[in-house]
Amino acid sequence: MIYADNAATTKMSEAAVHTMSALLADTWGNPSSLYTAGQKAKEALEKARAEVAAAIGAEPREILFTSGGSEADNQAIRSAAELGKKAGKLHLISTAFEHHAVLHTLAKLEKEGFEVTLLPVHEDGLVRPQEVADAIREDTCLVSVMYANNEIGTIQPIREIGAICRARGVLFHTDAVQAVGHIPVDVLLDNIDLLSASAHKFHGPKGVGFLYAKKGIRLTNLIEGGAQERGRRAGTENVPGIAAMAAALTETIAAMPEVSARLAMLRDRLIAGLSKIPHAALNGDASKRLPSNVNFCFEGIEGESLLLLLDDRGIAASSGSACTSGSLDPSHVLLAIGRVHDVAHGSLRLSIGEDITEADVEYIIRNVAEVVDYLRGFSPIWRDLVAGKKEFIL
Ligand SMILES: *Cc1c(COP(=O)(O)O)cnc(C)c1O
């Protein structure tokens, strides 16, 4: 199988598997216990915290371990909203193409009396810093803009947006789940106050992630109970998962310069090859995107059929996001960048990983071209387009 769905999840690295199994077997004490076995687990936990902090330029006490990216997003936004409420600031700013962990949290806050402005995303898949600046009001308590989009891979001007927020005294959160471990992220240089990340997107285990909160920002608990995580997230810590996350992150960051240069080269080859398919278009800016991400729309076909036929040919890819496949709505991300419904339905996301070869890339290009052509052969929409009853958009 050629696995080209790394934006949905990644395979655990050997280092992560090894770390996790070793701790499951030997370091199973409760880190809150005072005897030696507990303190051994506590040591592993704090070593992981230091490693994770170093990976993003933070201090260990600024890292809070969570169950993943979704929980970190929820807690970051809810915390900023609570702080805003205390100061009489009930306005939050985000963008139309965020992950649902952000969008649904904001929708819930709206029901609770907050006001939310969702900024538009331009056709190139990028948010404009000036539009962020223009949207900030006296009563704005948070700006939340994702670092890199999970569907179209576009990398946002985070440093500039962070600088604007800092200058205006507004908290800045970024969902960096697709960025951490893939491109350089530094919370100080990037002017970030709150950041979410998830282990299973960088070769760590599922069900583990972290929230960075700049020191001095008081977080709101989503889970009440014991005093773990400095009293901000109750529940006995998943020590083996957390240690495996740290191992995966340290390893992936060390390999990043070499891996990302190679992936960007193969990504560009995929983009060039797939662009030759008639009535196809790349989604999102060609260069301001993750080295791993390729996302196309093909007119006249359904993304789901494309995926199933590619699966038959040994290629695992995605259309829209995994969370919404099964529903008939096209991707909110593609709609946000201005793709119309019909076109958005025919999308394909390829998110490549370290193990991909040049031969795999050639195989993907050839098979996507064949399957698109085959599906168009019996698509009523394609027939109308060719007959001139409908106008081509791409
Ligand atoms: C995967 C993902 C999440 C959710 O992370 P989980 O650890 O699966 O909860 C949030 N945001 C983005 C951008 C993602 O890609």
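Which helix does M20 lie in? M20 sits in helix α1, which covers residues 14–26. Keep in mind as you look around that this is a predicted model.

Setting aside neighbours within four places in sequence, M20 is in contact with M12, P205, P240, G241 and A244.

Now step back to the whole protein. It is divided into domain 1, made of 2–6 + 256–387, and domain 2, made of 14–252. Between them, the contact draws 24 residues from domain 1 and 27 residues from domain 2. Here are some values for the pair:

| Domain 1 and domain 2 | Value |
|---|---|
| Distance between centres, over C-alpha atoms | 29 Å |
| Area buried between them | about 2,100 Å² |
| Salt bridges between them | 0 salt bridges |
| Polar contacts between them (both residues at pLDDT 80 or more) | 11 residue pairs |

Carbon and sulfur atoms give 57% of that buried area. On the domain 1 side, M256, L290 and H332 supply 29% of the area buried against domain 2, more than any other three residues.

Which elements give two or more residues to the side of domain 1 that touches domain 2? They are α7 (239–275), β10 (293–298) and α9 (332–336). With 4 residues, α9 gives the most. Sorted by class, this side of domain 1 has 8 nonpolar, 11 polar and 5 charged residues.

Conventions: Residues numbered from 1 in each chain as written. Predicted model: local features only at pLDDT ≥ 70, side-chain atom pairs only at ≥ 80, totals over all residues. Heavy atoms only, no water. Contact = heavy atoms within 4.5 Å. Domains from an automatic or database assignment. Buried area = accessible area lost by both parts, 1.4 Å probe. Salt bridge = Lys/Arg side-chain N within 4 Å of Asp/Glu carboxyl O. Polar contact = N/O pair within 3.5 Å; in protein donor to acceptor, adjacent residues only side chain to side chain. Nonpolar A, V, L, I, M, F, W, Y, C, P; charged D, E, K, R; others polar.
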